[in-house]
Amino acid sequence: MALGRKKISLIGAGAIGGTLAHLCALKELGDVVLVDIVEGVPQGKSLDLLAARPIDGSDIHITGVNDYAATRGSDVVIVTAGLPRRPGMSRDDLVDKNKGIMKGIAEQVRELSPDAFVIVVTNPLDAMVYVMKRVSGFPKNRVVGMAGVLDTSRFRSFVSNEIGISVQDITAMVLGGHGDDMVPMLRFCTVAGVPLEHFLSQEKIDAIVKRTQMAGGEVVGLLKTSAWVSPAASVIDMAEAYLRDKKRVMACAAYLEGEYGIDGYYLGVPIVIGAGGVERVVELPLNEAEKSALQTSFARVKDVVASVQL
Ligand code: TXD
């Protein structure tokens, strides 16, 4: 492995893991180690990706393995390992299976990459990132969950399609747990700084909120498995903010200690990601209705976390 490049370990070489590896290569974020329990899959995917590098103009290295030794000293660890949703399943239905997997991975990360910034993707997200933090014992600035960036991106994409204005000019903030009761914070959604109501009727806004909340399920219904391109792009945005010290404000599952009236749990809130990892939690001045929607979403997260016996 070349000195001087960052090392990014991707635990889980499935649909999201493979796409993450390709995005790491395209953006030359660092050398990649792809890990999976299925023999041949990480090796095969890395061979395929290595062959694309001359065309992609990318000089990073990609290794595919079935054990953790090659992950030693990772700068970033991204965990997608686990079972994905199938039709008829909620994200919470995955909790038992994925909890065991997450625990095993957290032990390896603690042992081999004690200084890594860890991004958890596996569902049920808010509970799995909690397991990672508890078992690794890592500080809260180095364990974060990806969900809000994706939910926000879905919202922005739907708004853009509806009003015919660039996705780049639409800012949004989808907070709360990564479940169907996630909370698009409409007062903080704008089109180039102009409130959304200037462009859309309340009826249209409500329909976009509903579609965003159900967007994961909409994909599962069509593909019979969950989305992978947009989740991978969302994770890479977070990893890049860390590796390039961008200090981006992003909606992510962060460990709260009193912020938003929540203590000792992960929940989707705006945070600043830079070289220090989760550098701070941004506390929005919420009104009563917004606070109550966030609490409703949190109540669901709390139930799932309660079922995770560590
Ligand atoms: O917004 C979000 N957070 C999400 C999360 C958006 C979409 C999907 N989300 C969840 O990510 C989804 O519900 C799953 O829990 C994960 C991964 O989704 P993906 O689509 O990549 O699932 P795959 O293709 O089934 O890949 C999972 C891989 C697969 O290759 C398994 O063999 C592997 O994980 N796996 C393991 N790898 C390493 N170590 C262990 N223990 C292990 N167990 C399974």
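**Note on the predicted model and its ligand**

1. Pro124 is in the loop that runs between strand 5 (117-120) and helix 4 (125-136); helices (H or I, at least four residues) and strands (E, at least two) are DSSP runs numbered from the N terminus. The bond joining Asn123 to Pro124 is a cis peptide, with omega near -5°.

2. This is a predicted model, in which local features need pLDDT of at least 70 and side-chain atom pairs count only at pLDDT 80 or more, while totals for chains, interfaces and linings use all residues. Residues are numbered from 1 along each chain as its sequence is written, and side-chain values use heavy atoms, with hydrogens and water left out.

3. Lys224 belongs to the loop between helix 7 (215-223) and helix 8 (229-243).

4. The protein has 9 helices and 14 strands. Its radius of gyration, taken over C-alpha atoms, is 19 Å, close to the 19 Å from the globule rule for 310 residues, so the protein is as compact as a globular protein of that length. The rule is 2.2 Å times the number of residues to the power 0.38. Along the principal axes, the C-alpha atoms fill a box of roughly 55 × 45 × 40 Å.

5. The ligand has 28 residues around it, of which Ala15, Ile16, Asp36, Leu83 and Met146 come nearest; a residue counts if one of its heavy atoms lies within 4 Å. By type, this shell holds 17 nonpolar, 9 polar and 2 charged residues, with Gly counted as polar and Asp, Glu, Lys and Arg as charged.

6. Polar contacts are pairs of N or O atoms within 3.5 Å. A polar backbone atom of Ala15 is 2.8 Å from an oxygen atom of the ligand, and a backbone N or O atom of Gly82 is 3.3 Å from a ligand oxygen atom. A nitrogen atom of the ligand lies 3.0 Å from a polar backbone atom of Val121. On its own the ligand has 870 Å² of accessible area (Shrake-Rupley method, 1.4 Å probe), and the protein covers 88% of that.

Definitions and conventions. Polar contact = N/O pair within 3.5 Å; in protein donor to acceptor, adjacent residues only side chain to side chain.
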